[in-house]
Amino acid sequence: MEAYNPFAKRESHSQRSLLTYKLLTVASWFLVHVVNIHFGFNAPAGDTSGRSIWGQNKAHPTPFSLNPQIVDIYWIVILVLQIYYLFTLWSSNADDVAPVANVGSHFIINNLLQFAFVMLWVHYFPGHFWIAEIMLLLNFFNLSSLYFRHSRLPRVIHIAVVSGPLAWTFVAIFWCGAAMVNAQNLAARILANIAIWGILGYGLFMLAAFKDYTMGFELSILAASLGVHQFFLKTFSIQWIFAFTIMSVLFLATLAIAIPGFFGKELSFRREGDIVDADRERQPLLNDA
């Protein structure tokens with residue numbers, strides 16, 4: 001049965017399956033980024049109510065509206081690192097190819113769901129934000145599965161394929177969700193002031209449980225994007241203060257995890273004598289390779 005499971009971990013891949021992964025990975029990656037770049041600047045042709053990605057962000061000011069420049073820089077870095085992933089997938093070294101091919105199915109699904117989200121986000125029809133939110137939730141489960149099942153990827157590939165898209169998808173759920181319910185009244189603002197702390201909770205969980213400082217940095221960058229936009233929007237008062245507080249706490253907590261690791265020391269959150277099973281002990285998600 002495993003031979004028919006595209007998500008199964010394998011030590012090696014047949015030439016046919018490997019070629020399929022390579023072609024679908026490149027095609028889906030090219031598709032989503034062409035669409036992202038095009039609709040980053042342009043509204044959908046023929047849709048008079050449609051807007052560009054950042055046009056929708058401006059047209060629907062909410063407590064989770066994001067700063068376009070910071071998010072664009074974030075995705076440019078992810079895009080460049082994903083190019084490295086694609087080159088690794090086409091490497092002639094079978095030992096390098098096997099682990100990156102194992103994540104290929106999740107990466108392809110991520111690209112297709114991200115493509116669907118963008119198309120739904122920029123086009124207008126009744127309920128388009130609701131369906132876009134469903135695409136994000138499905139992708140969050142897809143990327144979370146990838147995160148927990150493939151914990152020993154090289155750091156660059158982990159950022160490009162796993163933690164970078166996962167951190168974005170988590171924040172985008174708040175972004176799209178707020179636009180979906182038109183979160184502009186007092187009750188929605190209060191709820192948003194509470195919900196924003198979910199970003200801090202999620203980031204601290206990843207840092208404490210898995211010592212994954214890449215998630216900490218990524219979420220702090222996206223929190224900065226939220227804080228900058230909310231500061232200039234000045235519609236939702238204390239939301240920008242919360243965003244910058246979350247950014248600062250995540251950044252400092254990330255440094256507390258990352259710096260000891262660079263010097264060969266590990267900061268532990270367990271009391272001496274705690275027993276952890278072997279699989280959990282191996283689960284810091286990053287490989288220094």
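**Figure 1. A nonpolar surface patch formed by L19, L23, V26 and W90 in the predicted model.** Together, these four residues present about 360 Å² of accessible area. One of them, L23, lies in helix α1, which spans residues 15-41. L23 has a relative accessible area of 48%, and is classed as partly exposed because this value lies between the 20% limit for buried residues and the 50% limit for exposed ones.

**Figure 2. The largest nonpolar core of the predicted model, which comprises 75 residues.** The members that touch the most other members are F117, W121, V161, W168, W175, I199 and L219. Helix α7, covering residues 155-180, makes the greatest contribution to this core, supplying 18 residues.

**Figure 3. The surroundings of W175, a residue of the largest nonpolar core.** Leaving aside residues up to four places away in sequence, W175 touches I53, W54, N57, F64, S65, L66, F117, W121 and W168. Of these partners, F117, W121 and W168 are, like W175, among the core residues that touch the most other members.

Figure 4. Along the sequence, the elements follow the pattern α-α-α-α-α-α-α-α-α-α-α-α. The chain has 289 residues, of which 48% are buried. Among contacts between residues at least 6 apart in sequence, 77% join residues at least 24 apart. The chain exposes about 14,400 Å², and carbon and sulfur atoms account for 68% of that area.

Technical notes: Residues are numbered from 1 along each chain as its sequence is written. This is a predicted model: local features need pLDDT of at least 70, side-chain atom pairs count only at pLDDT 80 or more; totals for chains, interfaces and linings use all residues. Side-chain values use heavy atoms; hydrogens and water are left out. A nonpolar core is a set of buried Ala, Val, Leu, Ile, Met, Phe, Trp, Tyr and Cys residues joined through side-chain atoms within 4.5 Å. Buried means under 20% relative accessible area, exposed over 50%, partly exposed in between (1.4 Å probe, protein chains only). Helices (H or I, at least four residues) and strands (E, at least two) are DSSP runs, numbered from the N terminus. Contact means heavy atoms within 4.5 Å. Patches are made of residues with over 30% relative accessible area and no salt bridge: like charges are joined within 9 Å, nonpolar side chains (Val, Leu, Ile, Met, Phe, Trp, Tyr) within 5 Å. Accessible areas come from the Shrake-Rupley method with a 1.4 Å probe; for residues, only the protein chains shown count as cover. A salt bridge is a side-chain nitrogen of Lys or Arg within 4 Å of a carboxyl oxygen of Asp or Glu.
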